[in-house]
Amino acid sequence: MSLKTKLLLLVTISITASVGAAAWLIETRAHEAFRQVEEERTATLVSQFRREFEHEGDEIIRGVETTAGSDQMLRTTSELANGAEYANYVNEAATYAATQRLDFLDLIAPDGAIISSAHWPARFGYKQRWFLDRPGPMPDRAFLKHVETQQGSVLAMLCLRAVRIHGLNFYLIGGRKLDAVLQAISPPEGLRVSIYSAPEQGAGELMGPAKEDLSSPKAMELIQKVLAQRSEAAATIDKGADLQEEILHAIPLPGYSDRVPAVLLVGNSLEQELLLEKRIRNISLVIAGVAVFIGVIVSGVVTARVSRPIRKLAEAAGEIGQGNWDVRVETSGKDEIGRLAVAFNQMTQELIGQRERLVQSERVAAWRELARRLAHELKNPLFPLQLTVENLLRARENTPEQFDEVFRESTSTLLAEIANLKTIIGRFSDFSKMPAPQIQAVDLNEMVRSVAQLFQGQLNRDPARIGTELQLGDVPQVSGDPVLLRRVVENLVLNAIDAMPQGGTLTFRTYMNEKFAVFELTDTGAGLTPEECDRLFTPYYTTKQHGTGLGLAIAQSVVSDHHGHISVSSRKDQGTTFHVELPVYSAVTAVESGNGNDGPKFTTI
Amino acid sequence: MKRLLSLLPAISSVLLLSVLAYGSSRPRYGGTVRILLHDRVMSIDPLSEEDHPAERDRLAALTFETLTTTDPAGRVRPNLASFWRPDPTKRTWQFQLHIAYFHDGTLLTAADVMASLAKSNPGWKYSAPDRQTVVIETPTPTQHMPELLAMPRYSIVKRQVDSAGATTLIGTGPYKLSQWQAGERAQFSVNDDYRNGRGFPDTVEFQMGVSLREQLLDRQLGPNAAAEVPVDQLRPLEQTNQALAVSRPADLLAIAFLQGDSSSRPGRKPVDPRVREALSLTLRRADISNALLQRKGVPASGLLPQWLTGYEFMFPAATDLQRARDIRADAAAYVVIAPIMLAYDASDPLLRQIAERIAVDAREAGIVVQPYGEAHVNSKTARASINADAVLLRLPLESVEPSVALAQRAEDLGLGDNVPAILGATRPEDLFEDERKLLENHRVIPVAHLPQAVWLNNTVHNWQQLPTGEWQLDQLWVEGAR
């Protein structure tokens, strides 16, 4: 990925992130503001409900207290206290309830027996002791409780008052259905109110005009939570359709005991808020989209301007990397990029100078090394030559009678040493005049097998007997000069034999890797150190007593001329392995290449 | 002597007051007697299917007479029949007729009686040895034929069909029907030619379907002579010393379970007998009688009241909630116990309260009873067409003869299979056994026996009410009548 692309991407991401963050912030703030408004609306409605609740409670208290204090009630309770039969007063409560507009009114005896019930006259005689069995004083205020009626349990707001006469307490429990409180509330648009009635026995039910809308599994879950925790809670109810969400506030309503008899549900439809939030979001997205688009265009232009000199620097560096040391970059501007270009040009100039100095010093070193090796090689045969000539001269002066015999011996020695000199000079000549490979298809396995067979006699010679092992894989023909490649293999075999003076095993292996046919030769000799491995292919470097140090250098030169690669791996005392990778032969490329001197072309498999 | 002289003024005062009292209590002819009825009567035909047969019979008794009648002491007296004679087997009864005339002036004959009785009871055989003698032959012995024939359903009615097909009912009673608005108003004019002498009032007028509130207003303000009063309203009237005529607790208040498979109750199964028994055990009859009936009713355990049979106490009526729960649980192991739909007469607030109390009591044993008001529940025809499991019925007592009364109640309750045996019972033990059989499967659960009550204006005299609650108004007269 180019610098320009990276910069463009970075700027685009930055702009997008910034705009997105701003849009998110706006939406979040708007959402919070809407929620605050929603909570205020709900709080207002709850406050209205509580006012109505208290007002209704006051009305009920007034009605029950008026009844309890009436002359007729005092007369009735007086008669009852004096032993009058309860049966005579079975229908008393209905009259009082009608007068005070109470939905429920029970006149209860001191032992809890119902003397008269306005809402369920047939229930006379049955005991109602929940307020007698309750610990603590009787509730002074109106409270919620479920009242048993003929139609089932009904949630009511009740007031309990005692009528004390002749030392006996008679009780009046009066109240109204909670429906009246609900009906008195007029919720604003979007708000709905319902009451969940939770009787002590049996299933609960929703009351009020919005009961159908507020009944859902999630609402029921919320109600159960409030009933269990006895504290207010809220939940968002998804009503399925788009934008049909509602925040449901559930508020526990107090009863005469710790148990929550009912839950006030205030549903606040989020339709308008969600619509508004959606609009804000859409506007934010449009603004963000436009901002990102403009940002990308602008950043594209800017990054193009910024990255152009850097790109040219990179191109110049690439050229230098490919060996084109003459490349230069423009030095426009005085900013960091401009200074970088100047520095680059200076660095390039300096590198060129250093390279020339390095080549020169290497050349000198090579000549020195060549001269040292040449002197060393030539010095060995020259010393016997000198001795032989001096011996001849001494024999002619001191022992002329033995001169002929000495002459004959000396001339043979001279000829041998001269031949030796010729050999040395020939090797140096060969190294200096490496022939160009004549490329053709070579059966690598066959060649390896032939070389192994050639050295079989030498390898089996005692006492340093060397075993061979051939692990030849299915490799195609390689592209190369069979004579030169054979010399490489033979050279490697000779080195291996020298590395195993005590005998061992020599393994020939061929196989294919991803691109090349590979030949490996492994010995079980003393192995090489890493330093020795690094220097092994350097000309005139040798680890042997006898040798020119040119064998592996020549092998590397041959393999390199074949566009192959030779390497060595070794561990001390564990043997050494040479790896030779050779390109696979292709008839088409061989034909196209025509003359091998022009250098073959290779197809990678 | 001195002492006698000193008492003379006091004796004179007593004599004077007695003379004055006699003068004010002497019957007077003329005037109109207005009577308020709570229920509406649609026909005065004694054989008509009426929701309120007791009221129907009160109207019909002015116009139609039976062969025999019952006096206020409950004894059978001759009426249209002058005397009667059974054969030893009590299967054949011979009645000799009085000389009597229908309101159209025709003489009452044995043929008229046979035609009328054949309508009332087609199962009997009738014959007329002469114009004034009627012989009735029954398939089984009937011990109390005279008491049976005193029942209103055996009234002698001459039915005349005119050319338009309309039937006119003609009787022999002290009053003739002069104006008729079904369910609203009935006016009877005195029969001047009545064989036992002319009635005192010229007219007797009935206003029907008057609510309790209207009754109270009219009692205080209107010129009414009498008005029916529900038993739960008696106490305040008694406290204000109003004149009341209250019968013995004769009416039976009972839960009658309907049988399944009627056309109006498709797929509705009869209530399981165990559930019926459990329901019976939940009832707090004493509470119902004491509170709702204001002690004017008595708890009922039998179909006939204790004062009539003397053996009602032998039927169990105690509340036993634990046993009721056990029986219900036992039933629940075998059948699905559905709520019991209990219908009651929607026009009677007292029945509504009692039905609701039954539901409250039943709830204590886990039995769900759902009371609801029906416009028509009392007649068999009406009961066959309502979609209820049971009906809360108020059945009038039609005879003071136990076997006749039991037979009639069995028939009214749809348990008429044993009627011949009941009518043939000669000993109280047999009657007890018959009644026990009627009650043993709890198809009928007696709740209470109720009296019938009438408020009377102080100007009304000789208002006679039989123990059954029936009215006998032939000697009625009103003060200040013109």
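What percentage of the 605 residues of chain A count as buried? The share is 29%. The model is predicted.

**View 1. Overview of chain A.** The secondary structure of chain A comes to 14 helices and 17 strands. Of the 605 residues in this chain, 29% are classed as buried. Take the contacts in chain A between residues at least 6 apart in sequence: 62% of these join residues at least 24 apart.

**View 2. Helices H11 and H13 of chain A cross.** H11(A) spans residues 482-499, and H13(A) spans residues 551-561. Their axes come within 9 Å and cross at roughly 145°. The crossing is left-handed. H11(A) brings Leu484(A), Arg487(A), Val488(A), Asn491(A), Leu492(A) and Asn495(A) to the contact. H13(A) brings Gly551(A), Ala555(A), Val558(A) and Val559(A). By class, this contact has six nonpolar, three polar and one charged residues.

**View 3. Ala316(A) and its surroundings.** Ala316(A) lies in helix H6(A), residues 271-321. Is Ala316(A) buried or partly exposed? Ala316(A) counts as partly exposed because 19 C-beta neighbours lie inside 10 Å, and a buried residue needs 20 or more. Leaving aside neighbours within four places in sequence, Ala316(A) is in contact with Val327(A), Val329(A) and Phe344(A). Asn345(A) is 29 residues from Ala316(A) in sequence. Their C-alpha atoms are 9.5 Å apart in space.

**View 4. Chain A touches chain B.** Here 10 residues of chain A are in contact with 13 residues of chain B. On the chain A side, the residues in contact are six nonpolar, three polar and one charged.

**View 5. A seven-strand sheet in chain B.** The sheet is open, and its pairing is mixed. Strand order is S10-S11-S12-S1-S13-S21-S14. Which strands of chain B stand at the edges? They are S10(B), residues 175-181, and S14(B), residues 243-246. Each has a single partner strand, so one side of each is left without a neighbour in the sheet. From one strand to the next, the twist averages 20°.

**View 6. Strand pairing and helix packing at the chain B sheet.** S1(B), residues 32-36, and S13(B), residues 226-229, run parallel and are joined by two bridges. Ile35(B) stands opposite Ala226(B) in S13(B). Helix H2(B), residues 53-63, packs on the sheet. H2(B) touches S10(B), S11(B) (185-190) and S12(B) (203-207). The direction of H2(B) makes about 135° with that of S10(B).

Conventions:
Residues numbered from 1 in each chain as written. Chains lettered and ligands numbered in written order. Predicted model: local features only at pLDDT ≥ 70, side-chain atom pairs only at ≥ 80, totals over all residues. Axes fitted to C-alpha atoms, helices over the stretch in contact; angles between N-to-C directions. Helix = DSSP H or I, 4+ residues; strand = E, 2+ residues; numbered from the N terminus. Left-handed = near helix turned anticlockwise from the far one by under 90°. Contact = placed C-beta atoms within 7 Å. Nonpolar A, V, L, I, M, F, W, Y, C, P; charged D, E, K, R; others polar. Buried ≥ 20, exposed ≤ 12 C-beta atoms within 10 Å, placed from the backbone. Pairing = 2+ DSSP bridges.
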